[in-house]
Amino acid sequence: MEKVAVILGGDNPLGASLCRNLLEQEWKVIAGVTPGDPSADDSVEDSNKLISAYPNHYRTVSMDPSSIQSLLTAASVVAEEADSIDLLISSIDRLEADSFMEGLDFESVLNSFDTNALGPIRFIEAFLPLTEKGSKRIGIVSSLSGSIETASHADSFGYSMSRTALHMAIQNMANLLGKEGYSFRVYLQAGRSLLEHSASLENIDAVCRFFKDRGNGDSSFAVVDSTGKQRTLSS
């Protein structure tokens, strides 16, 4: 049976690479694209190439991570062509410059939270009913910036806090949904922004294998960084 993946942020460089890799492995891929996102402009050409190369296995659907209604609508669209989803991947990222010493722009901080922390939660909530008959795999791309133990920089307050909040939410969801047979895989990218290193991501094959692999035995939760090192969400 054909495997189906939905990737939120499928129009950013990292998300597009994940889409391409899964398509090469004969998955059906729905890429969630953020309406009006200027950071995704460079990936439009990539998406068009994928549509041409995989007309029956790839499509894009508008998904606004800041709007639960947008994501619910997107889930309804996907449900019309896929009976179930095997893999959900969140690969969204919003980095806004801020400085505590110069005075924080609290609106920017809230915007970071809305996208980076709440966006993946909305995405999983909206699409979860479609995963019940699938392989129950959930993958999330985040950042080491959200690690309290290894934090070394003193800027990007909003971004770092939003990633730490996301990690707490992931742990809570894994505790709850792991009992229902779901596997969670978290990939922690280096840098303060996922997009800083994603355009030339060389280990995309390993990242995709990590997301698809349910693990051995009772393992339903795993975290690795970009070197492949096993981590926890606090380290």
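**Reading contacts, cores and helices**

Colleague: Which residues does Asn 116 touch, not counting residues up to four places away in sequence?

Modeller: Asn 116 touches Ile 92, Asp 93, Arg 94, Tyr 159, Ser 162, Arg 163 and Leu 166 once residues up to four places away in sequence are set aside. Contact here means heavy atoms within 4.5 Å. This is a predicted model, where local features need pLDDT of at least 70 and side-chain atom pairs count only at pLDDT 80 or more, while totals for chains, interfaces and linings use all residues. Residues are numbered from 1 along each chain as its sequence is written, and side-chain values use heavy atoms, with hydrogens and water left out.

Colleague: Is Asn 116 buried or exposed?

Modeller: Buried means under 20% relative accessible area, exposed over 50%, and partly exposed in between (1.4 Å probe, protein chains only). Asn 116 is buried, at 0%. The side chains of Asn 116 and Ser 162 are joined by a polar contact of 3.1 Å. A polar contact is a pair of N or O atoms within 3.5 Å; within protein, one must be able to donate a hydrogen and the other to accept it, and residues adjacent in sequence count only if both atoms are side-chain atoms.

Colleague: Which residues have the most contacts inside the largest nonpolar core?

Modeller: In soluble globular proteins, nonpolar side chains tend to be buried together. A nonpolar core is a set of buried Ala, Val, Leu, Ile, Met, Phe, Trp, Tyr and Cys residues joined through side-chain atoms within 4.5 Å. The largest one has 33 residues, and those with the most contacts inside it are Val 6, Met 63, Val 78, Phe 123 and Phe 127. Its largest share, six residues, comes from α4. Helices (H or I, at least four residues) and strands (E, at least two) are DSSP runs, numbered from the N terminus.

Colleague: How many residues of α1 are buried?

Modeller: Nine of its 12 residues are buried, including Leu 14, Ser 17 and Leu 18. At the N-terminal end, Asn 12 caps α1, with a side-chain oxygen 3.2 Å from the backbone nitrogen of Leu 14.

Colleague: At what angle do the axes of α1 and α7 cross?

Modeller: Two packed helices are described by the angle between their axes and the distance between the axes. Axes are lines fitted to C-alpha atoms, for helices over the stretch in contact, and angles run from 0 to 180 degrees between N-to-C directions. The axes of α1 and α7 (residues 204-212) come within 10 Å and cross at roughly 75°. That makes α1 roughly perpendicular to α7, since angles under 35 degrees count as roughly parallel, over 145 as roughly antiparallel, 65 to 115 as roughly perpendicular and the rest as oblique.
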